[in-house]
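These are my notebook entries on a structure that I examined by topic. I set down each item that I looked up, together with the terms that it requires.

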Amino acid sequence: MACRASALLLLSLVLAALGPVCHATPVNSRDNVPAGYYAAPYYPTPHGGWLASWSESYAKAQQLVSRMTLAEKTNITGGCGIYMGSATELPCVGNTGSANRVGFPQLCLQDSALGVAATDNVTAFPAGITTGATWDKNLIYARGVALGREFRGKGANVYLGPTVGPLGRKPLGGRNWEGFGSDPVLQAVAAAMTIKGVQEQGVIATIKHLVGNEQEMYRMYNPLKPGYSANIDDRTLHEIYLWPFAEGIHAGVGSVMTAYNAVNGSACSQHSYLINGILKDELGFQGFVMSDWLSHISGVDSALAGLDMDMPGDTNVPLFGYSEWKYELTRSVLNGSVPLDRLNDMATRIVAAWYQTGQDKDFPPPNFSSNTKDRDGLLYPAALFSPNGQVNWFVNVQADHYKVARQVAQDAITLLKNNGSLLPLSTSRPLKIFGTDAQVNSDGPNACLNRACDKGTLGMGWGSGIADYPYFDDPITAIRGRTSGVTFYNSDVFPAVPTPTADDVAIVFINSDAGENSFTVEGNHGDRDSAKLAAWHRGDALVKSAAAKYSDVVVVVHTVGPLILEPWIDLPSVKAVLFAHLPGQEAGESLTNVLFGDVSPSGHLPYSITKASTDLPNSVANLKGYAVGQVQDTYSEGLYIDYRYLNKMGIKPRFAFGHGLSYTTFSFSNASIASVTPLTLVPPPRSPKGPTPSFSSAIPPAAEAYYPAGFNRIWRYIYSYLPPDDANAASGVGAAGTKQYAYPSGYSTTQTAGPAAGGDLGGNAALWDVAWTVTLTIDNAGTQFPGRAVAQAYLQYPAGIPYDTPVVQLRDFAKTDALAPGEAATVTLQLTRKDVSVWDVEAQNWVVPGVGGKRYTIWLGEASDALFTACYTDTLTCESGLKSPV
Ligand code: BGC
């Protein structure tokens, strides 16, 4: 069994003694939330199915769900228990129950965002952060296609990605690397392209974690302590943290996973404002909402708040066969505390997402087990006594996906500095390579379960967001394959070396790791708490020693996020620095292609690198530590994270968001701007909701919940049935209206027309009207190297508007193909109504503050601090050669 399993087993054993007591003890999660942060009630859950783009799937789902019994409906809304998947059933990280009688199978839900986790013969793709650093929409989509094919090939119905929360608010945050970068638009575009690629292969994508999971420490509710509360104001929520979710929904994502933590005091898994209000009404989400693993803390409240699927089925003290739902949800419907109508909607949403991705046609069953690598294994791994049988079929789904993986790894490599054009290297120069990060983990690339160690080249962080490497193309092997003059010092301590010759080049490999807080690595509990933002393994000292000895030093950095580079970045001999991010299995050739100049580097930073962590506000620079009661993580910096904050304060980072050099140079010219859709202050009235499926409202007979006669129960497997006595008793109470359940304040069962800001997938359809396009010519102005340019468009709001806005904010980007020296390309970028709006908290709508011909400035350039061309929306003119606004 995997280490992840062992860690959870251990946790559950520790909690076991507390289980029966604490299970019954409600956690008071509303302590201490600072004034001004609200989790307003929002009821009822809007029925799914009101959008035309999903109506066909809903019509089919209605047919199927109306044939299900009560126990079948509650069976498909929850997992059958952690590690309870089997070969005959499902061996995935999450396995729902089925309604086989009517033709609805169990669903296999599988990690991770970068590859099919816990199995073999798959591609270990570059991580999200690497993917974001490519700034290449087509390539991000191609990675999504390949991921989708691999999940489908393994028989996984649901891909548990992409990750857009955390967004990277805190540089120390443990899971930032699973997502695409510290900007909502970069995250959003990458998430949407990934979702499109994955779902076109018939696999349901899951955008996660909604929302505010910006640090690992104290993220989870347990019987002793609530998860922290991310306190986020409404405007910041809309303009920063929700933005990628809205775009993911606009792209048609089939499922959403809630976060472990609370938002404004209410746990995300039962947050009626977030799920009912924002997701399902304002953003028009038509798929299903699942809890993060073991984060489900109440039965009725979460159902009313809009949760549709309980994962993996257990209570937050797992492995005892207890659940908040399944048999309890059956009981709650029978006794009337959860309206049948809500259960019908949950089931219909799940079945509709299955139809929407075409899974009713030829979806293969899973052919792997997450629980063992062996051919045979326990059929019910968490049961006390389990039969053995074949659980792995070793299906190879890699095809030629290494190509897209390598392309991503290569095109993400970000050249931060290249003094004297040290790079690219000539293969005739002797190379002295330093640092254990240059070579694959000597114990094997998968030696550390869940990658919970930092040994050898860092290809991914640790936790659930990983996949096993089928092989590892490491840098040292790839470098040796290019040139014979290589000496490798496989140590992080600088060794005694011969006196360098003038030709010698030192390449120093350093790294920085992070992950999920289920594991502690070298003192870091997920977040980079002990190493802060310094290179691990005394990497800074290694660079400094190399720089003292050699006059030509290249630093290669494999990292989960920003590092403080100040200890050595200005040393004269540190001439070149490459951030290779987290390359996955293709760490070698992707790097040598850049080092030796087969291609120019074309990655750009998906975050800023500051000179000191104190350059960022305290609320962002630090993790939120222990507090009695609920830890309060208040987003007092509002919109001002990363470059938005640095620009506001006039703090120059070492390298700004979007920075990335090439071996060649580009010139931007001929910029022009066109107005496309004239804008009004707020979007035109939303479309009214279409019809949604209707079902009988009569509470079903208790017999629909009975365990079938002679049923062979497996202990700890979570069923949706009740013993007849139990069901009858619940049903007696449930004679409509007799049950006195303490419904939350604001509770209602009347469906509403929905907010003005809603109306389509992601919000009011007009939010995606293109307001302006800007077109420009990009020339490769160099003479020697081909290269790919990235054009970035940042918006500056009009002066004098009654909203405080960051100086510039990324709104679109495009990457050219490789341009030969002298070759030019034309790129067009666009800004939608939403891009030029602000979220007005009072109006509860997206407002265009520039209506009436006020001047927006669209800045174009190669980085957030290299914007030398401006296009004006009032005069529809553009100017070049300007001073960058930041
Ligand atoms: C993580 C999720 C993951 C799930 C299943 C949780 O701990 O937060 O991202 O999908 O486990 O492994």
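**Entry: the ligand.** I began with the surroundings of the ligand and found 13 residues around it, the closest being Asp111, Arg175, His209, Asp292 and Glu516. I counted a residue as near if one of its heavy atoms lies within 4 Å of the molecule. The model is a predicted one, in which local features need pLDDT of at least 70 and side-chain atom pairs count only at pLDDT 80 or more, while totals for chains, interfaces and linings use all residues. Residues are numbered from 1 along each chain as its sequence is written, and side-chain values use heavy atoms, with hydrogens and water left out.

I then looked up polar contacts, which are pairs of N or O atoms within 3.5 Å; within protein, one atom must be able to donate a hydrogen and the other to accept it, and residues adjacent in sequence count only if both atoms are side-chain atoms. Asp111 places a polar side-chain atom 2.4 Å from an oxygen atom of the ligand. For His209, the distance from a polar side-chain atom to a ligand oxygen atom is 2.6 Å. The side chain of Asp292 has an N or O atom 2.6 Å from an oxygen atom of the ligand. I noted that the protein covers 99% of the 310 Å² of accessible area that the ligand has on its own. Such areas come from the Shrake-Rupley method with a 1.4 Å probe, and for residues only the protein chains shown count as cover.

I sorted the shell by residue class and recorded 4 nonpolar, 2 polar and 7 charged residues. Here Ala, Val, Leu, Ile, Met, Phe, Trp, Tyr, Cys and Pro count as nonpolar, Asp, Glu, Lys and Arg as charged, and the others, Gly among them, as polar.

**Entry: helix 19.** How many of the residues of helix 19 are buried? I found 6 of the 8 residues (642-649) buried, so this helix is largely enclosed by the rest of the structure. Buried means under 20% relative accessible area, exposed over 50%, and partly exposed in between, with a 1.4 Å probe and protein chains only. Helices (H or I, at least four residues) and strands (E, at least two) are DSSP runs, numbered from the N terminus. The buried residues are Asp642, Tyr643, Arg644, Tyr645, Leu646 and Asn647. Their cover includes helix 7 (184-199), helix 8 (234-241), strand 21 (790-796) and strand 22 (809-815).

Asp642 is buried, at 9% relative accessible area. Just after the helix, Gly650 also takes a positive phi, of about 65°.

**Entry: helix 9.** I found helix 9 (residues 243-250) mostly covered, with 7 of its 8 residues buried. Among these are Trp243, Pro244 and Phe245. The buried residues pack against helix 7, strand 4 (204-210), helix 8, helix 10 (272-282), strand 22 and strand 25 (845-847).

**Entry: nonpolar cores.** A nonpolar core is a set of buried Ala, Val, Leu, Ile, Met, Phe, Trp, Tyr and Cys residues joined through side-chain atoms within 4.5 Å. In the largest one, of 156 residues, Phe104, Met290, Trp293 and Val351 touch the most other members. Helix 13 (residues 340-356) gives this core its largest share, 10 residues. Apart from it lies another core of 42 residues, among them Leu458, Phe472, Ile569 and Ala587. Beyond its neighbours within four places in sequence, Phe104 is in contact (heavy atoms within 4.5 Å) with residues including Leu64, Met68, Ile350 and Trp354.

**Entry: Tyr402.** Is Tyr402 buried or partly exposed? I recorded it as partly exposed, with a relative accessible area of 32%. Tyr402 lies in helix 14 (residues 401-412). Its C-alpha atom is 7.9 Å from that of Phe125, 277 residues apart along the chain.

**Entry: cis peptide bonds.** I found the peptide bond from Gly165 to Pro166 to be cis, with omega near 15°. The bond from Met311 to Pro312 is cis, with omega near -5°. Pro312 lies in the loop between helix 11 (300-305) and helix 12 (327-334).
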